[in-house]
Amino acid sequence: MPHVLPPYRADVVGSFLRPAAVAQARAAFARGELSREALTAVEDEEIAALVKKELDNGLTAVTDGEFRRAFWHLDFLAGLKGIRHVKAEAWSVHFEGRQPKAETVVIEDRLSFPADHPFLEAFDRLKKIAGDAAVKYTIPSPSMLHLICCVRATDYEPIAAYKDNEELLLDDLAQTWTDAMLALYERGCRYLQLDDTSWGEFCSAEKRAAYAARGIDVDAVARSYVGVLNRIIAAKPADLTLTMHICRGNFRSTWFSSGGYEPIAEILFANCPVDGFFLEYDSERSGGFEPLRFIKDQTVVLGLITSKFPELEDKEAVKARIAEAAKYVPLVQLCLSPQCGFSSTEEGNIMTEEEQWAKVRLVVEIAREVWQDA
């Protein structure tokens, strides 16, 4: 399975099911029965065990499983300057069947990245634990902050600095994430992923229609997001791999968006030169591979193995789908992964840890067989 840079032929999105020890320690900390230091010690121990399992199950790059987070995105967003983390009456989008804890963030001042953001220490700890292993780190995309606060929210009122000055908000978004990227790079991060559900929403005909009914031009918003992303990419060091994962929702094995990539393909794939796209392709809700015709030099990581359900996919069927995707993107530019993480929130998807690792091993086995001569 030759590769020059990540993404790797067999890769993962990032999150893993939380061990009972982590869940119990976090609950005890929330009740005031455990100190922050004691919680961190438990997290360190369980992340060390996770890293060993990742390597033992055939992965090249390791993650911390997002064990220190409650949510894949809110923990990072809440740590930014200018942001307030608040309880909410309902989650900002509706999942099919189950709903996460109702929390959100609001913009209360100009945005910036603080030098003491907790994700920096979390990365340092992961890197120390990982030793010589390659480390993959995940943060939400800047699009997520804008989407949650300014697009999904029907009661958004910009602060004085951003009122009638959307460009300043976009400037601050780009600078905040650039500063985050460079701060992580200085600590040794060489593989960074931006997780993003905005593009999943923009694939949905139903959600596009709902936004249009509110007077929101989804394509204009999408182009502004690409503009922000491209400014971050322009500041990226040459030896840092920056990827994006596009998600349609992942909570307790449920989802909130459907629709193929065609509505966003030209705007995003043709105009956003990230090093790789992690794309969900585990069900008919993601459509066909035809939108991949807009891919240029980016690596495409095909999320053909579902992280939502424990049943294992048929190897030959997955290989056939890889061959189908290769009609639009050369095989050498393709990789394989689960379509999303196993635990985008601390509650996790509905499967056992052993079923989770069986999925990872399936990814590794198929990748070795498909790309042995690539």
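## Pocket, cavities and helix contacts

Helix H1 (20–30), helix H2 (36–56) and helix H4 (118–130) each supply at least two residues of the lining of the largest pocket. Helices here are DSSP runs (H or I, at least four residues), numbered from the N terminus. The model is predicted: local features need pLDDT of at least 70, side-chain atom pairs count only at pLDDT 80 or more, and totals for chains, interfaces and linings use all residues. Residues are numbered from 1 along each chain as its sequence is written, and side-chain values use heavy atoms, with hydrogens and water left out.

A pocket is an open set of points on a 1 Å grid over the protein atoms alone, with protein on both sides within 12 Å along at least five of seven lines; a cavity is a set where a 1.4 Å probe fits but cannot get out, and lining residues have an atom within 4 Å of a point. Grid points are joined across faces, edges and corners, and volume is the space filled by probe spheres set on the points.

The lining of the largest pocket comprises 21 residues, with Arg 26, Arg 36, Glu 43, Arg 68 and Pro 118 nearest the centre. H4 gives the largest share of this lining, five residues. Three cavities of 30 Å³ or more are counted. Among the residues lining the second largest cavity are Trp 72, His 245, Cys 247 and Cys 340.

| Space | Volume |
|---|---|
| Largest pocket | about 520 Å³ |
| Second largest cavity | about 90 Å³ |

For the classes, Ala, Val, Leu, Ile, Met, Phe, Trp, Tyr, Cys and Pro count as nonpolar, Asp, Glu, Lys and Arg as charged, and the others, Gly among them, as polar. The pocket lining has nine nonpolar, one polar and eleven charged residues. In the lining of the second largest cavity, four are nonpolar, five polar and three charged.

The axes of H2 and H4 come within 10 Å and cross at roughly 45 degrees; axes are lines fitted to C-alpha atoms over the stretch in contact, and angles run from 0 to 180 degrees between N-to-C directions. H2 is therefore oblique to H4, a term for angles that are not under 35 degrees (roughly parallel), over 145 (roughly antiparallel) or 65 to 115 (roughly perpendicular). Contact (heavy atoms within 4.5 Å) is made by Thr 40, Asp 44, Ile 47, Ala 48 and Val 51 of H2 with Arg 125, Leu 126, Ile 129 and Ala 130 of H4. These residues divide into six nonpolar, one polar and two charged.
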